[in-house]
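Thanks for making time this morning. I would like to walk through one structure with you, going from its sheets to its helices and then to the ligand.

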Amino acid sequence: SAAEKGGWSSFMAKEVAEQPDAVANTIRGRIVDGVVSIPELDQLGDDALRSIRRITVVACGTAAYAGMVSKYAIEQWARIPVEVELSHEFRYREPVIDDGTLVVSISQSGETMDTLMAVKYAREQGAKAISVCNTQGATIPRESDAAVYTHAGPEVAVASTKAFVAQITALYLFGLHLARVRGTLSEDELAAQVAELQAIPEKITTVLEQGERVGELAHWMSDTRSVLFLGRHVGYPIALEGALKLKELAYIHAEGFAAGELKHGPIALIEPGQPVFVVVPSPRGSAALHPKVVSNIQEIRARGARVIAIAEAGDAAVLPFADEVIRIPLAGPLFEPLLAVVPLQIFAMELSQAKGLDVDQPRNLAKSVTVE
Ligand code: G6P
């Protein structure tokens with residue numbers, strides 16, 4: 001009903017707007033005096049967290065992209081190899097699992113059948129399992145050794161938004177907890193990352209303020225038939241998520257690519273007028289990724305692409321080559337996904353609305369897939 005939507009045009013619009021709270025509520029109580037601690041993990045014990053040799057993340061859909069984002073952070077902070085697998089691929093390929101494997105499942109509903117079966121299978125093989133879940137008492141957390149709940153509040157729209165940022169938040173807290181327990185980051189390094197995370201809710205609010213402009217862009221583009229998304233490092237899963245949102249909500253053919261793969265295929269798709277969203281890494285980030293992505297933008301622009309760049313405030317290098325620039329506030333490079341995803345969600349939602357579609361209940365999709 002209209003009342004349940006709290007004055008918003010759709011549940012999705014409401015849930016997009018609730019993202020600062022989703023992140024803040026997921027952090028709440030888990031940072032004490034500047035130190036991350038997740039009491040729910042006490043059940044496993046610090047010794048168990050010190051002795052794990054690798055992490056396998058299992059999830060489906062948007063939750064799997066949250067997992068892909070977390071791989072970059074957990075590996076960097078806790079120096080543990082992390083692999084991310086779609087649950088349905090994981091369980092049917094006889095994965096190598098032992099008692100040094102920690103399986104982390106991610107599920108908003110906690111009821112996705114493929115993810116549940118992946119968790120059960122992994123535990124039968126001797127792995128420990130942690131559930132990152134948004135629904136208290138759901139089946140997956142009950143079938144796991146420990147649960148780290150996201151506190152995004154109930155998500156009604158079929159396409160996941162606030163649960164996604166809450167999942168990344170919970171996984172980052174987990175990564176920082178692991179880094180502290182395993183001694184892989186100094187106190188100062190931990191404190192710096194904690195401060196970055198705590199600053200995210202306010203920065204998401206700043207991104208939401210550009211919603212109207214993104215909406216206008218979507219309305220101009222409402223007859224678009226195909227949209228590409230490029231990203232690199234943590235921006236890569238965000239490109240995949242941007243494409244997924246557009247497919248789910250606006251029924252437009254959309255594909256996300258790792259920017260480094262451009263010359264290995266995707267560039268052949270570029271023809272005059274092809275819209276391409278590019279998630280641009282921070283110029284302050286590591287490994288000189290920024291100039292590489294700027295050069296990707298030049299390459300596609302030279303072939304006529306219509307470039308919409310999502311770039312950090314003050315990044316002037318993209319200006320000569322982008323048709324549109326959507327700005328996100330400065331944040332630590334690992335934290336950019338929590339900001340860059342927001343305009344992509346709004347773009348898909350507004351395009352769906354412009355086409356007169358049902359934003360909250362896209363055709364053929366279910367909020368939670370409880371069958372195989
Ligand atoms: C369905 C939903 C997606 C969601 C996926 C995983 O496909 O439409 O929005 O990302 O399931 O759901 P889960 O509840 O496991 O996070």
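Predicted model: local features only at pLDDT ≥ 70, side-chain atom pairs only at ≥ 80, totals over all residues.

I55 has V82 as its bridge partner in β4, and this belongs to the parallel pairing of strand β3, residues 54–59, with β4 over five bridges. By pairing I mean that DSSP finds at least two bridges between two strands, and the strands (E, at least two residues) and helices (H or I, at least four residues) are DSSP runs numbered from the N terminus. Residues are numbered from 1 along each chain as its sequence is written.

The sheet that holds β3 and β4 is an open one of five strands, in the order β4-β3-β5-β6-β7, with parallel pairing. Its edges are β4 (82–86) and β7 (146–149), each with a single partner strand, so one side of each is left without a neighbour in the sheet. On average, neighbouring strands here are turned by 20° against each other, direction ignored.

Two helices lie on these strands. Helix α4 lies across β3, β4 and β5 (101–107), running at about 175° to β4, and helix α6, residues 113–124, lies across β3, β5 and β6 (128–133), running at about 165° to β5. For such angles, axes are lines fitted to C-alpha atoms, for helices over the stretch in contact, and the values run from 0 to 180 degrees between N-to-C directions; contact means that the C-beta atoms of two residues, placed from the backbone, lie within 7 Å.

The contact is made by Q19, A22, V23, T26 and I27 of α2 together with K162, V165, A166, T169, A170 and L173 of α8, which divide by class into seven nonpolar, three polar and one charged.

There is another open sheet of five strands, in the order β9-β8-β10-β11-β12, with parallel pairing. Here β9 (253–258) and β12 (324–328) stand at the edges, each with a single partner strand, so one side of each is left without a neighbour in the sheet. Strand β8, residues 226–231, runs parallel to β9 and is joined to it by six bridges, with S226 standing opposite H253 in β9.

Finally, which residues are closest to the ligand? Of the 16 residues that surround the ligand, the closest are G61, S107, Q108, S109 and T112, a residue being near if its C-beta atom, placed from the backbone, lies within 6 Å. Helix α4, residues 61–78, gives the most to this shell, with three residues, and the shell as a whole divides into six nonpolar, nine polar and one charged.

Terms used: Nonpolar A, V, L, I, M, F, W, Y, C, P; charged D, E, K, R; others polar.
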